[in-house]
Amino acid sequence: MNETAELDLARRILAAQPFSVLLGARLTAFGDGEAVLELDIREELLQQNGHVHGGVLSYAADNALTFAAGTVAGPRLLTAGFTIDYLRPAEGDVLRAHAQVVRAGRTRVVVRCDLRTVTGDGEPALCAVAQGTISVPAAS
């Protein structure tokens, strides 16, 4: 499967996730151990102080981690667990979660994700980092 076909398939999988559709998430890159998930920052995604809610950041990290793992382990994966560290309040126009595979094993894939907000002038600001373990279920 070529890179364009893989990205199209990944986008169809994302579109089949009702919560991702609700948030307006989109995949902008998928392949070679990496995935980039983006969503527009809008008022409904903010907490009471005007920053992107931590749950939205966690969603973006979780999904980007799993999609990145999918580039090396296929589509039938489950998040085994992840941690996230919030570094600064997330403010901007776009939230971008860029995940990269650290190590792919037979049953587990370890992935790291940097979450940045991007403003209208294109300047990215690192707001959180996450690392997760993605489980590769045994073939049935």
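Two strands are taken to pair if DSSP finds at least two bridges between them. Helices (H or I, at least four residues) and strands (E, at least two) are DSSP runs, numbered from the N terminus. The structure is a predicted model, in which local features need pLDDT of at least 70 and side-chain atom pairs count only at pLDDT 80 or more, while totals for chains, interfaces and linings use all residues. Residues are numbered from 1 along each chain as its sequence is written, and side-chain values use heavy atoms, with hydrogens and water left out.

A hairpin of 3 residues joins S4 to S5. These two strands pair in the antiparallel sense over 10 bridges. Within this pairing, Leu115 in S5 is the bridge partner of Ala97. S5 also pairs with S6, again in the antiparallel sense, over 11 bridges. Here Val110 stands opposite Thr133 of S6. The hairpin between S5 and S6 has 5 residues between the strands. Gly122, in that turn, has a positive phi of about 85 degrees.

The largest nonpolar core holds 38 residues. Such a core is a set of buried Ala, Val, Leu, Ile, Met, Phe, Trp, Tyr and Cys residues joined through side-chain atoms within 4.5 Å. Buried means under 20% relative accessible area, exposed over 50%, and partly exposed in between (1.4 Å probe, protein chains only). Leu37, Leu57, Tyr59, Leu95, Val111, Cys113 and Leu115 touch the most other members of the core. At least two residues each come from helix H1 (3-15), strand S1 (26-31), S2, helix H3 (54-73), strand S4 (94-104), strand S5 (108-118) and strand S6 (124-135). H3 gives the most, with 10 residues. In soluble globular proteins, nonpolar side chains tend to be buried together.

Leu115 was examined for contacts (heavy atoms within 4.5 Å). With neighbours within four places in sequence left aside, its partners include Leu57, Ala60, Ala61 and Ile84. Leu95, Arg96 and Ala97 are also among the partners of Leu115.

Glu38 lies in strand S2 (residues 34-40). Its relative accessibility is 10%, so Glu38 counts as buried. The Glu38 side chain makes a polar contact with the side chain of Arg96 at 2.6 Å. A polar contact is a pair of N or O atoms within 3.5 Å; within protein, one must be able to donate a hydrogen and the other to accept it, and residues adjacent in sequence count only if both atoms are side-chain atoms. Beyond neighbours within four places in sequence, Glu38 is in contact with Gly24, Ala25, Arg26, Thr28, Val94, Leu95 and Arg96.

The whole structure contains 6 salt bridges. The criterion is a side-chain nitrogen of Lys or Arg within 4 Å of a carboxyl oxygen of Asp or Glu. One of them joins the side chains of Arg26 and Asp40 (2.9 Å, N to O). This pair links distant parts of the chain, with Arg26 in strand S1 and Asp40 in strand S2, 14 residues apart. Arg26 is partly exposed at 28% relative accessibility, as is Asp40 at 40%. Glu44 bridges to Arg42, with the closest N and O atoms 3.3 Å apart. Glu44 is exposed at 61%, whereas Arg42 is partly exposed at 31%. In the bridge between Arg116 and Asp114, the closest N and O atoms are 3.8 Å apart. Arg116 is partly exposed at 29%, but Asp114 is buried at 15%. Through salt bridges that share partners, Arg26, Glu38, Asp40 and Arg96 join into one network.
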